[in-house]
Amino acid sequence: MLSVLSYGRLVARAVIGGLSQTDSRDYSLVTASCGFGKDFRKGILKKGMCYGDDACFIARHRSADVLGVADGVGGWRDYGVDPSQFSGTLMKTCERLVKEGRFVPSNPVGVLTTSYYELLQNKVPLLGEWRSSTACIVVLDRQSHRLHTANLGDSGFLVVRGGEVVHRSDEQQHYFNTPFQLSIAPPGAEGAVLSDSPDAADSSSFDVQLGDIILTATDGLFDNMPDYMILQELKKLKNTNYESIQQTARSIAEQAHVLAYDPNYMSPFAQFACDNGLNVRGGKPDDITVLLSIVAEYTD
C-alpha cells in the first residue's frame with residue numbers, strides 16, 4: 001500500500017518564467033509528500049509522517065514555509081534499537097518549534113540545533129539506547145523570496161527551474177556509506193560512536209522564482225535515481241495544483257522503489273561503491289521519502 005501525505009491544500013497561482021526583482025508578492029510552497037518504508041514488501045508501514053526509519057515534516061508560520069526530512073541510521077537495528085524513534089522525534093520537534101515561531105527563517109541550522117539539544121536534554125523516550133539520524137531543513141522566507149537550507153549527511157534537496165537543476169545540497173560523508181549524522185548516546189557513553197554537531201550542517205541561501213520546483217528527499221531517492229531520471233519525472237508536472245504535485249511525487253517515489261530492488265541496475269549508489277573500489281551492482285533497498293514543492297504566490 002502506497003502512503004501519500006500532503007500539506008497545504010491552498011489555492012496557488014504559479015508563474016513559470018522571468019521575475020522582476022521588485023516583485024512585492026509573498027511566496028509560499030505547495031507541497032506533497034510520498035514515500036516507502038524498506039519493509040514495504042513485508043507489509044509494514046508506520047503511521048504519521050514516517051516511512052520506515054525516515055521521517056519528515058511540513059509546517060508554516062507567519063513569515064515562512066518550512067519542511068524537513070530525516071533518515072534514522074538503520075545499522076542500529078542490528079543492536080535491537082529502533083532508528084525511527086530518533087528521526088521521528090527530531091522532525092516532530094522541528095515542526096513544533098516552527099509552529100511556535102521559535103525560529104529565524106534565515107537560520108535553518110538554528111531549528112536543527114535547538115531540536116537536537118532539546119532531545120539531548122530530555123532523552124525521552126530515547127534513554128539508554130543509541131540513536132543516529134541525518135537531517136535536511138528547507139525554509140522559504142515568503143517576503144524575501146529566499147530559500148534557506150541546512151543539510152547534515154546524505155539526505156538533500158534540488159531546486160529545478162526550466163527543466164534544469166539550478167541549486168542543490170552537498171552530500172556530507174565521512175567516508176563511503178558513512179554520512180554525517182546527529183547521535184544520542186546513553187549516559188556515560190558519549191564520544192564512543194560517531195556524532196556530528198548540527199553546526200556542521202552545510203547551509204545555503206538561494207533566490208527562488210515563482211514556478212521553481214523544490215525536491216527534498218532522503219538518500220533512498222538519490223541513491224537509486226540520478227538527476228536525469230528525476231528531471232524526466234518532473235517533466236510530467238504539467239500543472240501547479242496540489243493534485244498534480246501529489247501525482248508526480250508518487251511517480252518519483254514509485255520509480256525509486258522499483259529501481260532499489262533491481263539487481264541489474266547500475267544505481268548511483270552502486271556507481272559510488274565502484275568508485276570506492278567495491279564490486280557492487282544493483283539498486284539500494286532503503287526507505288524512501290520525497291517532498292515535492294512548487295513555489296507559488298501566497299494566498300490566505
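I take a crossing as left-handed if the near helix is turned anticlockwise from the far one by less than a right angle, and as right-handed if clockwise.

**Entry 1. Provenance.** I am working on a predicted model, in which local features need pLDDT of at least 70, side-chain atom pairs count only at pLDDT 80 or more, and totals for chains, interfaces and linings use all residues. Residues are numbered from 1 along each chain as its sequence is written, and side-chain values use heavy atoms, with hydrogens and water left out.

**Entry 2. Whole chain.** I looked up the secondary structure and found six helices and 15 strands; these are DSSP runs numbered from the N terminus (helices H or I, at least four residues; strands E, at least two). Of the 300 residues in the chain, 55% are buried, that is, under 20% relative accessible area with a 1.4 Å probe and protein chains only (exposed is over 50%, partly exposed in between).

**Entry 3. H1 and H2.** I recorded an angle of about 125° between helix H1 (residues 84-99) and helix H2 (residues 108-122), with the axes 9 Å apart. That angle makes H1 oblique to H2, since angles under 35 degrees count as roughly parallel, over 145 as roughly antiparallel, 65 to 115 as roughly perpendicular and the rest as oblique. Axes are lines fitted to C-alpha atoms, for helices over the stretch in contact, and angles run from 0 to 180 degrees between N-to-C directions. The crossing of H1 and H2 is right-handed. On the H1 side I listed residues including Phe86, Leu90 and Arg96, and on the H2 side residues including Val111, Tyr116 and Glu118.

**Entry 4. Valine 109.** I next examined valine 109, which lies in helix H2. Valine 109 counts as buried because its relative accessibility is 13%. Beyond its neighbours within four places in sequence, valine 109 contacts Ala150, Pro198, Asp199, Ala201 and Ser203.

**Entry 5. H4 and H5.** I found that helix H4 (residues 227-234) and helix H5 (residues 242-260) cross at roughly 145°, their axes coming within 9 Å. H4 passes H5 in a right-handed crossing. Met229, Glu233 and Leu234 of H4 make the contact with Thr248, Ser251, Ile252, Gln255 and Leu259 of H5.

Conventions:
Contact means heavy atoms within 4.5 Å.
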